[in-house]
Amino acid sequence: MTPLALVLSYFLALNMLTLGLFWWDKRCAIERRWRVPESTLLTLCLIGGSLGAKTGQGIFRHKTRKEPFRTSLNAIAVLHVGFLAALVLPEFRASVVQLVSQITSQILG
């Protein structure tokens, strides 16, 4: 298996797991049973499952009004879009590197 196929398989599996946990948590909420901790859902989002989380949030209408969960999930999704843009768009990557270099030089003197 090529490295790219391995990475894509990881993200596909992780996003399917995250989507499934959003479904499971919604069912548990409806039936007033044990719930999946928000920290678990956000951790899965942070390590790459944000697409599955946002999809589950939209499809199941789950955790759409819950703060600060909603804000944290949106911040993670924006972070992932930025990383993806940095990988795909060379000009964006160069501008981010330049910005980080400027900030670092100002902080370090």
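This is a predicted model: local features need pLDDT of at least 70, side-chain atom pairs count only at pLDDT 80 or more; totals for chains, interfaces and linings use all residues.
A residue counts as buried when its relative accessible area is under 20%. Asp25 has 0% relative accessibility, so Asp25 is buried.

**The chain as a whole**

The chain holds four helices and zero strands. Along the sequence the pattern reads α-α-α-α. The C-alpha atoms fill a box of roughly 55 × 40 × 20 Å along the principal axes. The radius of gyration is 17 Å, whereas a compact globule of 109 residues would have one near 13 Å. Of the 109 residues, 25% are buried. Contacts between residues 24 or more positions apart make up 64% of those with a separation of 6 or more.

**How the helices pack**

Two packed helices are described by the angle between their axes and the distance between the axes. Two pairs are set out here.

| Helix pair | Angle | Axis distance |
|---|---|---|
| H2 and H3 | about 75° | 9 Å |
| H3 and H4 | about 110° | 5 Å |

Start with H2 and H3. Their angle is about 75°. Angles of 65 to 115 degrees count as roughly perpendicular, and H2 and H3 are therefore roughly perpendicular to each other. On the H2 side, the contact is made by Glu38, Leu41, Leu42, Cys45, Leu46, Gly48, Ser50, Ala53, Lys54 and Gln57. On the H3 side, the residues include Phe69, Arg70, Ser72, Leu73 and Asn74. Ile76, Ala77, Leu79 and His80 of H3 also take part. By class, this contact has ten nonpolar, six polar and three charged residues.

Now take H3 and H4, where H4 covers residues 90-108. With an angle of about 110°, H3 and H4 are therefore also roughly perpendicular to each other. H3 brings Gly82, Ala85, Ala86, Leu87 and Val88 to the contact, and H4 brings Pro90, Phe92 and Arg93. The classes here are six nonpolar, one polar and one charged.

Where does Lys63 lie? Lys63 sits in the loop between helix H2 (38-60) and helix H3 (69-88). Its relative accessible area is 11%, so Lys63 is buried. Its side chain makes a polar contact of 3.1 Å with the side chain of Glu38. Glu38 is also among the H2 residues that meet H3. Beyond four places in sequence, Lys63 is in contact with Phe22, Asp25, Arg35, Glu38, Leu41, Gln57, Phe69 and Arg70.

Asp25, one of those partners, belongs to helix H1, residues 3-30. Which side chain does Asp25 join in a polar contact of 3.0 Å? The partner is Arg35. Leaving aside residues up to four places away, Asp25 touches Arg35, Val36, Leu41, His62 and Lys63.

Phe69 is another partner of Lys63. Phe69 lies in helix H3. With a relative accessible area of 1%, Phe69 is buried. Outside the four places on either side, Phe69 touches Phe22, Glu38, Leu41, Leu42 and Lys63. Leu17 is 52 residues from Phe69 along the chain, and their C-alpha atoms are separated by 18 Å.

**Shared partners**

Leu41 is in contact with Lys63, with Asp25 and with Phe69. Leu41 is also one of the H2 residues in the contact with H3. Phe22 is in contact with Lys63 and with Phe69. Arg35 touches Lys63 and joins Asp25 through a polar contact.

Methods. Residues are numbered from 1 along each chain as its sequence is written. Side-chain values use heavy atoms; hydrogens and water are left out. Helices (H or I, at least four residues) and strands (E, at least two) are DSSP runs, numbered from the N terminus. Buried means under 20% relative accessible area, exposed over 50%, partly exposed in between (1.4 Å probe, protein chains only). A polar contact is a pair of N or O atoms within 3.5 Å; within protein, one must be able to donate a hydrogen and the other to accept it, and residues adjacent in sequence count only if both atoms are side-chain atoms. Contact means heavy atoms within 4.5 Å. Axes are lines fitted to C-alpha atoms, for helices over the stretch in contact, and angles run from 0 to 180 degrees between N-to-C directions. Angles under 35 degrees count as roughly parallel, over 145 as roughly antiparallel, 65 to 115 as roughly perpendicular and the rest as oblique. Ala, Val, Leu, Ile, Met, Phe, Trp, Tyr, Cys and Pro count as nonpolar, Asp, Glu, Lys and Arg as charged, and the others, Gly among them, as polar. The radius of gyration is taken over C-alpha atoms; the globule rule is 2.2 Å times the number of residues to the power 0.38.
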